[in-house]
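Dear colleague,

Please find below the structure that I am handing over to you. A summary of the findings follows it.

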Amino acid sequence: MTPSDDRGAERRAGPKRPALARETLLAIIGALALVLCAWAIPWLKFVLTIALAKGIAVLGILLLLRAGQVSFGHSMFLAVGAYTVAFVAPGTPEVLLLLPLAALLAAALGLVIGLFVVRYRDIFFGMLNLALSMVIYSLLEKMYAVTHGTDGIRVAGLTFAGQRLEREVQEWAMFGIALTLAVGFGLLVRAYLGSPMGRALAGIKTRETRLEFMGLSARLVLLFAYVLSALMGGVGGALVAMTSRHVTPQLAYWTSSGELVFIAILGGAGSALGPFLGATAFELVRVYAAAAVADAWQMILGGVLLVVILFAPGGVWGILSSKLKGRGA
Amino acid sequence: MSTPPVTAPLLSAKGLRLAFGGVKAADGIDLDVMPGEFLAIIGPNGAGKTTFINMSTGYLRPQAGSIEFDGQPILGLKPRAIVRRGIGRSFQLPQLFTEHTVLENAALAVASRLGPWSPLTPLLRPAWREEAMDLLERFGLAQVAESRADTLNEGARKLADIAMAVALQPRLLLMDEPTSGVAAAEKMQIVETLVRVLRQSGVTAVFVEHDMDVVARFADRVAVWSQGRIAALGPPAQVLADPVVQRDVIGISTHA
Amino acid sequence: MPSTIIEWFSDNGLLFGLALLDGLAYAALVFMVAVGLNLVFGVLRIVNVAHGSLFAIGAYTAASIGIFFASLGLPMWAGYVALVLSALLVGAVLGPLIEKLLLRRIYGHEDVLQLLVTFALFMILEDVQKLIWGVQPIMQDAPMKFLGTVDIPFGDDFIPFTAYQLFVLPGVAVATLAALAWFLRRTLTGRVIVAVTTDKEAATAMGIDAAKIMLLTFSFGAGLAALGGALASPTTSLVPGVGASTIVLSFAVVATAGLGQIEGAALTSLMIGLGRSIAVYFAPEFEVVVPYIIMVAVLLVRPQGLFGVLETRRV
Amino acid sequence: MTEAVTRRAAMLGAAATSGALLFAGGNARAQAKPTELRVGITTFLSGPASVFGVPARQAAELLFEEINKAGGIGGIPVRAFFVDEAPGTDHLVGEYRRLVQNEGCQIILASISSGSCLACTPLSDEMKKTTLLWDCGTQRIFEEGPHPWAFRTQGYGTPEVLAPLLYLLKHKPDFRTLAVINQDYAWGRDSWELWKAGMDAMKPGVRVVAEMFPRFGATDYSTEVTRLLAARPDVILSTSWGGDLTTLIRQSTERRLFERSLFVMPIAEASLPTLGRTMPAGHIIGARGDHWNNHPAPKDPARLKRLVDSYRAKYNEYPIYPVHHMAQAISAMQAAYAKALAAKGAGGWPNDLELANAFRGLTFDTPTSSITLREDGQGLEDQIVGLSSFNDKYPFAVPKDMILFPAAMVSAPVGQKSTDWLKTLKPDFVAQVPAPMAG
């Protein structure tokens, strides 16, 4: 197929359809690959569950990126979700209750903070989020009597639909829940981004003034996205807590937020699949870098990030989708 | 409420004043816009023409004076509230969502008129898509519907910008230099398209314009702006023939 | 409870005065780092996360040069030469290197990409520092020792303060502020920098070589960060991770100050310095969150920052 | 990316599956002798705590080299797999799993930070893998529930705080006011809680004039120093360490705070080589154990000298306490393997359960003394506290007037919570403090 043919085909079908096909194909391949990896290499099941959990949180970053805003404090919602699990689990160890609870609390905090920060743009938006996350980080660290400070809290044993599972089964259960939620939120975000809400959100990035003159409130549009992203952050945090079974204030530190933004770009902001590609790549690079050179893993991660930004700004998604496109899929 | 008399103005501005530092952008503006008319605003750069549009749409707030739309005061309302009451506007620099397609731009405007929506409804659902396509066709933009807005030429961008305002079905449309930056060859064609669509929709229009040919041909009335004041107001033939206007306004603006 | 607070005040009124002295020195250090970051942000529009690394490298370099001078048997005042040398070295070598090799490639890209490039650089430099200087605390306090202490009367007691913290730090900060203000307002290059900060498009349209100005400003900012680190080095022990905590504080200053505003950076640093030292006395638990609370409070009242100019979009 | 993963998966799949089988087969199966003994070691390799973590890693590398030169353990070489604690707990628990499930480590030496230990120890229960807590000090580990697979091969917070407290009560019994300035994290808070409980029990009525918990990794203490100068407490306690402590000491020395108050610094030892002559003399210093360079009567002087000399020769710095703690964990590991191998007879190799059992009640020698692991897994390590002083032999401060506190005396008994136990102490407990050591 010559390039001009390709363009012609795209115009007829509308540019969306091949992209959709690529996305779906990649999502299915990705999910299968994850399951296979988790099955073949047992300890990777843990790493991949964490990757999926972070991917869900990064979906939230992706939403805000669509509006051209970078939250450098988003991990506070992750921390809220995680600490919700840690605090509530001793009384109510049910995963199916803890997850919605964590989501709800994170969304509530997102609403409160969102009402304030959606009035700001660009560096102010980023830095206010950073400041508020540092306040939450300090609270978690300072309220030693409640949170055990930097020691953190061990998450009590969990039940799944009333069942207390064996370690091996529980690991699979967590992996399955994370994968299901990842797919669910991925679809949700996809639909949302294609809706007027999502398209208006993207409009904030290019022509915010126009939104107002269309009778829309840009702040409200951003607030909705912010609350949704906080909710997903809470879910991601809850999953991280349930998987690693230990929470510390580190979750809310600004470098953790930086990591989430890192993952978003690494994966590529072009697709709802990006965060999961990014999170998987990030965790695998980190784990293998740490195994190869335990005291210079940061340098390797930094190097990978630089290479991606300079040479493949579309991220992993950009690389994969252009490859698939090249093959005419 | 009984039917208002035919002579009641659609937009009525009284005693608008606004100064930026020492510059008086509005120094006692009184203007009535009558339903159904096409009112052109002319005047040199910096005379306060855009400021008037900005004040009428809630983007700037005058320091004194009042604005009524359809008999209701609108001063102090936010732009989006004023839009919802039926005042649309277009921009000197087209305000398009540059990373969206033209169709999406139009559909978003259609959808925002018909909102609120569920976050799961696709923007290009058939009903919205059809209305948006229809609109683009009327503006002669159907060919570029699938192109990204930042790939259009200036004339098409201007039209798309106005199309988005029209999609909101305003009763009054304020247009800030709809033909500026457009190649001379295209200009008349664009204005003709525009006027046809607006007449079809029964929209009252106020437009800032530098091209006196356009003004003479399409405006019902002309308001001449000078240093924050209205220097002259009346039918084009009469106003444009005024020697003072010719010297002070047209002489300058034809060079702008 | 209120009565004990009043008692506390009457008992500690003098102490409160001492806290202000402490706050001044701290504010001076905060200012030195933040002003460079703010300047760079103003011109390049990049939030440089690696600024903290430049601070740390400046500190380490100063300590290394100082230790080297001491090993040569040079007198103690040579420590001050080490501080300046370090700042010059980082500003003249590392700054241009980073700007030319990395930042130049991403100007005009999306904000988030620019931010992440510097984040990646930060991660790399953190490990580079460790490879060069190891993990054990490094200290070189000749400049502080050289000037000795000053006894400040405190009731019938006295409190020794180091002259370095009492005079040198605030002195250098004020001198830097004055020199910067003079440079930006009175010299051609300075005015060009201000022009680029205010309106880059217009400045470029006027024929200003923006690339040169950006290189210059970034190197200058890097030098200021290094000078901040160098100034801090005599009073502190250098360990891995010192950059990470510095930079997050500087972010708060920049956002609070208003973008590119040096006087804003000075005022904010002062507020943070004093706020923090007062918190150490009043409510030590809040010490860490003081800068962020100040930032949130300021932005609530002035969304564009203390000295920021409200940008109205032209439509 | 995907390709790399697949290749890696194929490569690792076999190892992992066999690992899983072994695991599933559990402890009943006879264990074949491996070709090498894989030891997972978690330590700080970046961030502020790497001042401890890196020397410990160096110690492990040094000692493993020595062991392998001498024929390994049970005839097979030992190999270390290091993991950085700095990226956080969620990363660390993943790494723990990797060490066990993927690298096939038979024993894990876990953690400097309390948070890491608290996360890894329950994991040792779940994965049934012997885990030596080689450095973390939190008393919560064994006091909040049993951990049959975990053993701490050194002392912990309670003796490390109680010994300096007793030394203070003996050295300066008449102090009336005290201030505390600790790092704001678990150890800083816990150690203060332990100290306060002990102090209130044995010397009621001491007025605490300032409680300060500056940020972990703080670079400036001038405000805190001013406050302490003005408050003039008789005693200042600081359990800080690393860069925080050296900064605090330097800023305090410069402003003559050490002339106004007596400092008690239970973890000063690790910072003394860095401080050199800057450290003021005559203040109470501890080492989280008895492993001082100038220990007057080490159990095995030749071994202590050899460790210090070879470490210095290789890394050009004096060993600090994390080096000793790492060496202790390795000694314990050697002793336990010897014990388990002896029980198995020729050609046998202990499985996980047999290995863990070998640790229970184990007594192993250190260069300075010997340590016994109690039935709850806690090691009993003696504590030596003294006053900072200088002599010609070392370019930095070392203790004088040292008092050796037997571990059993200063540790909370099995099954009791430290704070509860400390509250039961009576003022006359001080009378049991031994006399300073000769030399």
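This is a predicted model: local features need pLDDT of at least 70, side-chain atom pairs count only at pLDDT 80 or more; totals for chains, interfaces and linings use all residues.

Among the buried residues of H1(B) are Lys49(B), Phe52(B), Ile53(B) and Met55(B).

The next point concerns chains D and A. In this pairing, 34 residues of chain D are in contact with 32 residues of chain A. On the chain D side, two or more residues come from each of helix H1 (2-25), strand S2 (78-84), helix H3 (89-102), helix H4 (114-127) and helix H7 (186-202). H3(D) provides the largest share of that side, with 9 residues. Sorted by class, the side of chain D that touches chain A holds 15 nonpolar, 11 polar and 8 charged residues.

Finally, chain D itself is divided into domain 1 (31-155 + 300-373) and domain 2 (158-287 + 383-432). The C-alpha centres of these two domains of chain D are 28 Å apart. Their contact draws on 15 residues of domain 1 and 17 residues of domain 2 of chain D. On the domain 1 side, helix H2 (50-69) and H4 of chain D each contribute at least two residues. That side of domain 1 of chain D comprises 7 nonpolar, 6 polar and 2 charged residues.

With kind regards

Technical notes: Residues are numbered from 1 along each chain as its sequence is written. Chains are lettered from A and ligands numbered from 1 in the order in which they are written. Two residues are in contact if their C-beta atoms, placed from the backbone, lie within 7 Å. Helices (H or I, at least four residues) and strands (E, at least two) are DSSP runs, numbered from the N terminus. Ala, Val, Leu, Ile, Met, Phe, Trp, Tyr, Cys and Pro count as nonpolar, Asp, Glu, Lys and Arg as charged, and the others, Gly among them, as polar. Domain bounds come from an automatic or database domain assignment. A residue is buried if 20 or more other C-beta atoms lie within 10 Å of its own, exposed if 12 or fewer, and partly exposed in between; C-beta atoms are placed from the backbone.
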